Amino acid sequence: MTGSSDTSAIMLQTRDLTKRFGGVVAVDGVNFLLHEGEVHSLIGPNGAGKTTFFKLLTGLKPSAGEIIYRGRSIAGLMPHEIARQGIGIKKQVPSVFDGLTVEESLMVAALRVRSRRTATAEVAATIDRLKLGEIAGKQVGILAHGQRQWVEIGMVLAQGCELILLDEPAAGMTSEEVARTVELIGDINRDRTIIVVEHDMKFIRMISHRVTVFHQGRILAAGTPDDVLSDHRVKDIYIGNSAA
Amino acid sequence: MTKRNDLTETVGVVGASLIAMILAPFFMDQFGLFQFTVYIVIALFALSQAFVWGIGGIVSFGQAMFFGIGGYAYAILSIHFGDSTYGVIGSLVFPGIFAAVLGYFIFYGRISDIYVGVITMAVSLMFLLFFNASSGDGYAILGVPLGGYNGIPALPPLNIPGNPASTLGYSAMWYVVMSSLLLVYALLRWMLTRRFGKVVVAIRENEERVGMLGYDPRRYKLATFVIGALIAGLAGSFYASWGGFISPTVFSLTMSVQVIVYVLVGGLGTLVGPILAAIALQMLVSYAGTQAAVDPTFLLGTVLLLFVLLIPKGFMPAIMDLYTRAKQGRAQN
Amino acid sequence: MNTAIIILFNIFLGIGVLVLTTMSLAVIYGFMRIINLAHGEFMMLGAYSVWFSTSLGVNIWIAILIIAPLVVAIIGVIIERTIIRFLYGRIIDTMLATWGVSLLLIGTVTALFGNHVRGLSTPLGSFSIGDYGVSYYSLALVVISFVALFGLWAVFRFTRFGLIVRATMLRPEMAAALGINRDRVYVMTFALGAGLAGLAGGVIAPLAGVFPSMGMVYIIKAFIAVLIGGPAAITGITIASSLLAPVSVVGSFLASSVVGEIALLTLAIVLIRLLPMGITGRWPRLSL
């Protein structure tokens, strides 16, 4: 994949970001950089702090430090305030509207930033882009797991955000669905920046421009997938994993 | 459901009801019409519960407080000014303001569903306690004594705005009440086609996601709650003017639970269902009352229990499920 | 001086009544997460059991301390088996179903015994502090409340049954995997809660009079005490009762009983706003 270079603008950065739970330091003085246009994966073994870091990006109040998104501090904001900055979130377990149809769900997402007419067009375009045409009129509650994930991604796209946070998008998917997700992330990345939390190393190699490795609450390594995954320290913490 | 279906339903319901409304006075005797008027008033009250709980998913178990505040506002202002117009306006203003304050506390305090249920119930009972104890000269608002558990008697009936002398008779009252129900119903249906309504429904489905889409769920829930209070308040003023009397029992748990039962029977998430259930069940209760065999409280409890256990979705959705299943069955054959 | 003593006594009485009428919920809501809106009617049934059995010549203390809890516990078992067990995990539905039970019980009792107040003569006599008469019975009520509260705590703290209930409510699947019969734990816990409501109704009957809707007066305060108390139910209701009752008593003394009630409910709402997890929610290690 053609990576974005370090010279492109910084979209989001954290400064000495720290989160303590009682005596446990889950995230410990993290300085993270995200450039416009990249697909940036966060990896690390369980308990490395990547999940807490992700939660901090989505509104969890940090114990110390700052999160700057396009010049504005977004640490500890409420979910709707974060969304209004232009950040969309896809949760690990799909957070969707079970009682609404796919089309209605996308409409709710699109209507916040658009008039009715342009929202209708946006919904149609999103359905087209995600190939949801066949299930557009169906209730989300009856859909399969993979389809629910796409509906959620569809809502995130339709709400018109520029940065998308994906929490384990490939979890629980069939290999066929994973392939489609890789394709989809590439497609979305044409006009949006993406942060992904993921376990599957093969998947990460396929989608990422940059990878940041968390270990014991800190950043262990950051760089292109090839550099990072051949780093011996990264290999060390993953010994026993099929990954690196 | 497609948009065209929605529109057909609204137009169909409103149209059929309009015909019923115009024809009813020709087919019913005065007593029947008078009796039916209060069924419609309570149906309007049920519509507020249907909107707040069924559509918005807000577990308000104390809608009676707004009904009661509306009723008392009507009583006090109509007597004080000698013109029921002020009473009706007050029956919207005061429940609205109170709902805004209470709702701000509830929704901006991020109080969980069960707490909302218990708090709304508790506040409703606070009103019951207060008005029950409000006998004596010390308790008067705008010179109108509240009268404790005896309530306020001899309320003026509705009159043509600005002209207290021309009060409405039975048929006129019927037209006013019935067209208010239709108007409120149509307005709510319209609202549901707009962004506001779609977000309200989405919050019921998944509040967290609505927040992540950039809407502030607290604001929408507060608005839903206030709209519900306005409807309940209006119903309360009609109730007071219909009977010419108001007493603290309007705040009782029975008052709240009856509309909960109507919504549960008619179906959560629909607006027509609760209206029909309200009318049908009131007819049933009044019939059972004339048979003198069944205690209405007992009947209400039984219906509530049976529906929670057996048909938790309510009649309308259950019937619609059957209908779609039958249709699919036929399509497959 | 006498006034101060009487206020102090009334505060203790208030705490006693609140604790007594709340223990049932502490068990049913605190351990089972069920909002039992028929709580007041369980109390009412306890009161009717006392009235009915004393009218047959049973000693009033036996009626209050044994028959009332037993009768209501049995009714609790029936209700749990026929209704509640289908609704576990559906918190709002259980609220509605128990509300239905509440109406059903009021309707049934009204049909059977009529809608008027049955008086019971208060056992024991009274004594006076200055100009105020105090019945020994209210003293007994305070004592019964605190003994029952302590007993409840001891059951959950020290007995095998208490341990099993706590374990089952925390991790139902785990308890089932360990061979605990979950259904039986639920039904026994519910019966215990119902029995406590029966006891409360029985104890209160001679003071409050017996009538079908008598439970309504207590239910809201009881719920509020439990919600304010928070996750550690037994400690919670004790603290909550000790906070709420004095406010209500002092309010009643200074103005009127309505002002007292409203002061109590206002304090409750402020507390819920400030501590949405309840008072004991601040100490996660407290489990009872």
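A residue counts as buried if 20 or more other C-beta atoms lie within 10 Å of its own C-beta atom, which is placed from the backbone. The model shown in these views is predicted.

**Figure 1. Burial and extent of chain C.** Buried residues account for 49% of the 288 residues in chain C. The C-alpha trace of chain C spans about 65 × 45 × 35 Å along its principal axes. Chain C has a radius of gyration of 19 Å, which agrees with the value near 19 Å for a compact globule of 288 residues.

**Figure 2. Helices and strands of chain C.** Chain C contains 11 helices and 2 strands. Read from the N terminus, its elements follow the order α-α-α-α-β-β-α-α-α-α-α-α-α. Of the contacts in chain C between residues at least 6 apart in sequence, 74% join residues at least 24 apart.

**Figure 3. The side of chain A that touches chain B.** Here 19 residues of chain A are in contact with 14 residues of chain B. On the chain A side, the elements giving two or more residues are α2 (79–84) and α3. The residues of this side comprise 12 nonpolar, 4 polar and 3 charged.

**Figure 4. Packing of α3(A) with α7(B).** Helix α3 of chain A (residues 102–111) packs with helix α7 of chain B (residues 195–205) at an angle of about 120°, and their axes are 10 Å apart. The angle makes α3(A) oblique to α7(B). Their crossing is left-handed. From α3(A), A:Met107, A:Val108 and A:Leu111 make the contact, and from α7(B), B:Arg195, B:Lys198, B:Val199 and B:Ala202. The residues of this contact are 5 nonpolar, no polar and 2 charged.

Notes:
Residues numbered from 1 in each chain as written. Chains lettered and ligands numbered in written order. Predicted model: local features only at pLDDT ≥ 70, side-chain atom pairs only at ≥ 80, totals over all residues. Axes fitted to C-alpha atoms, helices over the stretch in contact; angles between N-to-C directions. Helix = DSSP H or I, 4+ residues; strand = E, 2+ residues; numbered from the N terminus. Parallel < 35°, antiparallel > 145°, perpendicular 65-115°, else oblique. Left-handed = near helix turned anticlockwise from the far one by under 90°. Contact = placed C-beta atoms within 7 Å. Nonpolar A, V, L, I, M, F, W, Y, C, P; charged D, E, K, R; others polar. Rg over C-alpha atoms; globule rule 2.2 N^0.38 Å. Buried ≥ 20, exposed ≤ 12 C-beta atoms within 10 Å, placed from the backbone.
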